[in-house]
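Please read these points with the sequence and the 3D view open. They go through one model, a few residues at a time.

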Amino acid sequence: MQNDIQEVLITREQIQQKVEELGQQLSKEYEGRNPLVICILKGAFIFMSDLVKEITVPIELDFMAVSSYGASTRSSGEVKIIKDLDSSVEGRDVLIVEDIIDSGLTLSYLVDVLERRKVNSVKIVTLFDKPARRTVDLQADLSGFVLPDAFVVGYGLDYAEKYRNLPYIGVLKPEIYTT
Ligand code: PRP
Ligand code: MN
Ligand code: MG
């Protein structure tokens with residue numbers, strides 16, 4: 001698995017430090033409130049589990065699985081809800097936890113879905129962001145690292161469902177996805 005990585009972009013220590021900072025900021029942001037924290041599966045599962053340990057206000061968790069990429073390196077542009085939330089979001093302060101924002105399609109679709117379900121507020125925290133790749137006008141409220149336009153994997157991010165368990169962010173060797 002390590003042999004398929006061209007370069008480590010962000011180390012596990014850098015990620016850990018950033019996740020702590022984000023957790024502290026969110027704890028301040030939601031002081032006195034009880035947000036519903038939603039993990040967007042599958043990519044966000046590692047970030048979610050590390051992040052919530054750094055949040056000091058009472059929270060509830062839920063999970064939603066959506067997919068737009070499949071086994072391709074490019075978004076299909078079509079977002080599918082594979083698993084919906086268990087809980088009602090009406091009147092709730094919702095925090096969406098994402099691993100990465102690329103075109104922005106996944107989150108613009110999700111924010112729309114949540115607003116139609118009458119949330120009180122919705123905010124987005126993403127660990128990684130590729131602003132150069134946006135095709136829709138969508139910004140995170142809080143983001144960890146800006147990434148270059150390279151195909152990266154690890155810390156939850158996959159290529160064809162592989163590499164999610166790498167503890168760092170690495171650039172995939174082009175021969176892996178161009179054959
Ligand atoms: C990836 C990633 C984000 C989304 C970002 O998910 O985890 O959810 O794409 O891309 P976008 O901004 O262009 O919509 P993917 O659809 O690959 O599903 P996964 O999380 O199960 O890997
Ligand atoms: Mn995802
Ligand atoms: Mg994916």
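1. Basis. This is a predicted model, in which local features need pLDDT of at least 70, side-chain atom pairs count only at pLDDT 80 or more, and totals for chains, interfaces and linings use all residues. Residues are numbered from 1 along each chain as its sequence is written, and side-chain values use heavy atoms, with hydrogens and water left out.

2. The open sheet. Three strands, in the order E1-E9-E8, make up an open sheet with antiparallel pairing. At its edges are strand E1 (5-10) and strand E8 (152-153), each of which pairs on one side only. Strands here are DSSP runs of at least two residues, helices (H or I) are runs of at least four, and both are numbered from the N terminus. Two strands count as paired if DSSP finds at least two bridges between them. E1 and strand E9 (residues 169-172) are joined by four bridges in the antiparallel sense. As one example, Glu7 has Val171 in E9 as its bridge partner. In general, strands of a sheet pair through backbone hydrogen bonds, either parallel or antiparallel.

3. Two tyrosines with positive phi. Tyr155 lies in the loop between E8 and E9, and Tyr163 lies in the loop between E8 and E9 as well. Neither is a glycine, yet phi is about 50 degrees for Tyr155 and near 75 degrees for Tyr163. Are these side chains buried or exposed? Buried means under 20% relative accessible area, exposed over 50%, and partly exposed in between (1.4 Å probe, protein chains only). Tyr155 is buried because its relative accessibility is 5%; Tyr163 is buried because its relative accessible area is 3%.

4. Ser27. This residue belongs to helix H1 (residues 12-29) and counts as buried, at 7% relative accessibility. Its side chain comes to 2.7 Å from the backbone oxygen of Gly23. A polar atom of the Ser27 side chain also lies 3.0 Å from the backbone nitrogen of Thr56. Beyond its neighbours within four places in sequence, Ser27 is in contact (heavy atoms within 4.5 Å) with Glu54, Ile55, Thr56 and Val57.

5. Ser121. Strand E6 (residues 121-129) contains Ser121. The side chains of Ser121 and Asp93 are joined by a polar contact of 2.7 Å. Leaving aside neighbours within four places in sequence, Ser121 is in contact with Arg33, Arg92, Asp93 and Val94. A polar contact is a pair of N or O atoms within 3.5 Å; within protein, one must be able to donate a hydrogen and the other to accept it, and residues adjacent in sequence count only if both atoms are side-chain atoms.

6. A cis peptide. The peptide bond joining Leu41 and Lys42 is cis, with omega about 0 degrees. Lys42 is in the loop between strand E2 (36-41) and helix H2 (45-52).

Technical notes: Chains are lettered from A and ligands numbered from 1 in the order in which they are written.
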